[in-house]
Amino acid sequence: IMRLRGRRTEVVELGEHALLPGFIDAHGHLTATAAMNQYANLAAPPVGGVHSIAELQETLRQFIRQRGIAPGQWVIGMGYDDSQLAEHRHPTRDELDAVANDRPILIVHVSGHFSVANSTLLAQRQIDATTADPAGGVIRRRSGSSEPNGVLEENAHMAMFAAVPKPDLEGSLKNLSGALRYYASMGITTVQDGGTMRDTLALLREAASRRQLDLDVVAYRFWTPVGAAFPDELPYGIYQGRLKLGGVKLILDGAPQGRTAYLSQPYAVPPAGQPASYRGYPSLPEGAVGKALHEALQRGVPLLAHANGDAAA
């Protein structure tokens with residue numbers, strides 16, 4: 001290689017260090033990472049320091065004080081893990097009410113497939129005892145009652161999370177730059193944004209037009225609802241300002257952590273209130289999946305599918 005050295009060649013002595021090619025992110029969520037870096041860290045060690053519901057509550061209180069979150073403004077926490085909490089269960093709306101009942105509070109599970117809302121937020125989104133479970137989702141209820149206990153599964157969670165207020169454009173671009181620096185620090189030079197929504201694709205396009213994408217970004221457009229017009233805001237497979245629309249993405253089921261992954265055999269231990277025959281459930285009906293595959297194949301567009309359980313796969 002040294003025979004190719006010219007006058008402008010920079011030679012760096014690495015000593016005992018190794019030089020590796022840049023890593024390509026095969027399954028990631030760039031715009032979600034950019035947003036979640038601004039939320040309260042409710043993860044268990046080593047990612048966070050939350051061991052119990054009491055510590056989760058105190059972390060949220062400190063977050064509210066440190067960020068100066070005023071009454072009426074949303075409080076968002078990320079990464080709690082019921083299996084790592086001392087209580088081995090999800091927190092409830094009442095326990096979030098004890099943190100603050102004058103602010104909407106939403107905390108998101110480590111899997112990204114569950115969340116818990118406090119009473120203020122449930123009332124704001126008009127979720128009560130008369131609200132039916134959405135298709136592909138569950139609103140968990142208080143024992144012996146139809147009143148929601150605050151825990152939202154799958155599509156019920158997705159609908160709530162979609163309502164989280166977004167920062168303005170400049171704030172979103174700043175968060176995106178921070179996420180790209182984080183990826184780069186790990187040696188990743190091509191980043192995936194799996195499940196890109198219309199608004200997050202617009203953000204990525206704006207960053208690309210401003211030449212603010214320091215890494216290559218491959219976005220997979222989240223197709224929802226399946227059956228709607230095929231997402232075609234950009235041509236597929238072509239980089240424009242370091243941004244490429246790589247294909248479309250479907251969510252076929254949930255997460256094994258919350259026992260919402262769709263299995264062919266019953267779970268050894270079903271969630272509370274579920275029968276012994278419980279196998280989880282699909283997020284999309286089989287016919288919709290077949291239709292999506294057919295349309296993507298017709299267009300020659302790659303399709304990614306989130307499928308945790310063997311029945312979903």
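This is a predicted model: local features need pLDDT of at least 70, side-chain atom pairs count only at pLDDT 80 or more; totals for chains, interfaces and linings use all residues.
Residues are numbered from 1 along each chain as its sequence is written, and side-chain values use heavy atoms, with hydrogens and water left out.

**Entry: Q265**

I placed Q265 in the loop between β10 (243–251) and α8 (286–299) (helices are DSSP runs of H or I with at least four residues, strands runs of E with at least two, numbered from the N terminus). From Q265 to Q298 I find 33 residues in sequence and 34 Å in space, C-alpha to C-alpha.

**Entry: the sheet**

I traced an open sheet of 6 strands with mixed pairing, in the order β2-β3-β4-β5-β7-β6 (two strands pair if DSSP finds at least two bridges between them). β2 and β6 (137–141) are at the edges with a single partner strand each, so one side of each has no neighbour in the sheet.

I then went through strand β3 (residues 75–80). Here 6 of the 6 residues are buried, so β3 is largely enclosed by the rest of the structure. β3 pairs with β2 (residues 40–41) in the parallel sense over 2 bridges, and N41 stands opposite M78. From β2 the chain passes through helix α2 (residues 53–67) to β3 in a right-handed β-α-β crossover (right-handed if, with the strands pointing away from the viewer, the path from the first strand over the helix to the second runs clockwise).

β3 also pairs with β4 (residues 105–109), parallel, over 5 bridges, with I76 opposite L106. β4 and β5 (residues 114–117) are antiparallel over 3 bridges; I107 has V116 as its bridge partner in β5.

**Entry: α6 and α7**

I checked helix α6 (residues 169–185) against helix α7 (residues 198–209): their axes come within 10 Å and cross at roughly 75° (axes are lines fitted to C-alpha atoms, for helices over the stretch in contact, and angles run from 0 to 180 degrees between N-to-C directions). α6 and α7 are therefore roughly perpendicular (65 to 115 degrees). The contact (heavy atoms within 4.5 Å) involves L169, S172, L173 and L176 of α6 with L203, L204, E206 and A207 of α7.

Notes: Angles under 35 degrees count as roughly parallel, over 145 as roughly antiparallel, 65 to 115 as roughly perpendicular and the rest as oblique. Buried means under 20% relative accessible area, exposed over 50%, partly exposed in between (1.4 Å probe, protein chains only).
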